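Please open the model in a viewer and display it as a cartoon.

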Amino acid sequence: MNSDKRDLRIISIFFCVGVAWLLIHLLWNVHIEICPIKRLIGVPCPSCGTTRAFKSLFAFNVMEALKYNINILILLPSVVTYVALRVYDLIFHTQKLEQVYHKVKEMLNKKQVFCAFILFEILAWTLHISLG
């Protein structure tokens, strides 16, 4: 199995766990804080607030979603693209998801793109910490 296929299997597992986690929060309106970084040092990690951000998006409250976690700007298109390509591959028996994943991986391996992504994450984390 090549590394892209292995990576996509791991991503699929995380995606399924994330969807299950989100469904639990949406259907039963629970609030469970499990972030070890926030518990240990009292500072939210870059992914803290993601569940609340998605819940806010489902309630069509975009500004609240951005306040909870600005990474929703990256996550939402990524999730929509992942689902669309997974469905496309299942229907048409193609490997579009793997092709797109390979291109994204190549793009992120470029120093300028990687640095821009890291800079965005640092700014997003700074904003996230300042908003609490």
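**The whole chain**

Begin with the complete chain, bearing in mind that this is a predicted model. The chain contains seven helices and zero strands, so that a cartoon coloured from the N terminus reads α-α-α-α-α-α-α. Along the principal axes, the C-alpha atoms fill a box of roughly 45 × 40 × 30 Å. Of the 132 residues in the chain, 22% are buried.

**The nonpolar surface patch**

Which helices supply the patch? Helix 5 (72–92), helix 6 (96–108) and helix 7 (111–131) each contribute at least two residues. Within this selection, I74 belongs to helix 5. The relative accessibility of I74 is 31%, and the residue therefore counts as partly exposed.

**The aromatic pairs**

Now display the side chains of F15 and Y82. The structure holds two aromatic pairs. In the pair of F15 and Y82, the ring centres are 4.6 Å apart and the planes stand at 45°, so this pair is tilted. F15 lies in helix 1 (residues 3–28) and Y82 in helix 5, so the pair ties together parts that are 67 residues apart in sequence. Are the two partners buried or partly exposed? F15 is partly exposed, at 23% relative accessibility, whereas Y82 is buried because its relative accessible area is 11%, under the 20% limit.

Remain on helix 5 and select Y88 and F92. These two residues form an aromatic pair that is also tilted, with 4.7 Å centre to centre and 45° between the planes. Both Y88 and F92 lie in helix 5, where four residues, about one turn of the helix, separate them. Y88 has a relative accessible area of 35% and is partly exposed.

**The cavity**

For the next stop, select L66, K67, N69, I70, A124, L127, H128 and L131. These residues line the largest cavity, which has a volume of about 40 Å³. The structure holds one cavity of 30 Å³ or more. Which helix gives the most to the lining? Helix 7 does, with four residues. Helix 4 (62–68) and helix 7 each supply at least two residues of the lining.

**Two loop residues with positive phi**

Finally, turn to the backbone. Most residues other than glycine have a negative phi. Select N29, which is not a glycine and yet has a positive phi of about 50°. N29 is found in the loop between helix 1 and helix 2 (36–41). With a relative accessibility of 61%, N29 counts as exposed, since the limit is over 50%.

Then select F60. Where does F60 lie? F60 is in the loop between helix 3 (50–58) and helix 4. The phi of F60 is near 60°, a positive value in a residue other than glycine. F60 is exposed, with a relative accessible area of 76%.

Note on methods
Residues numbered from 1 in each chain as written. Predicted model: local features only at pLDDT ≥ 70, side-chain atom pairs only at ≥ 80, totals over all residues. Heavy atoms only, no water. Buried < 20%, exposed > 50% of the residue type's maximum accessible area, 1.4 Å probe, protein only. Phe/Tyr/Trp six-rings, centres within 6.5 Å; stacked < 30°, edge-to-face > 60°. 1 Å grid on protein atoms, 1.4 Å probe; cavity = no way out; pocket = protein on both sides within 12 Å on 5 of 7 lines; lining within 4 Å. Points joined across faces, edges and corners; volume = space filled by probe spheres on them.
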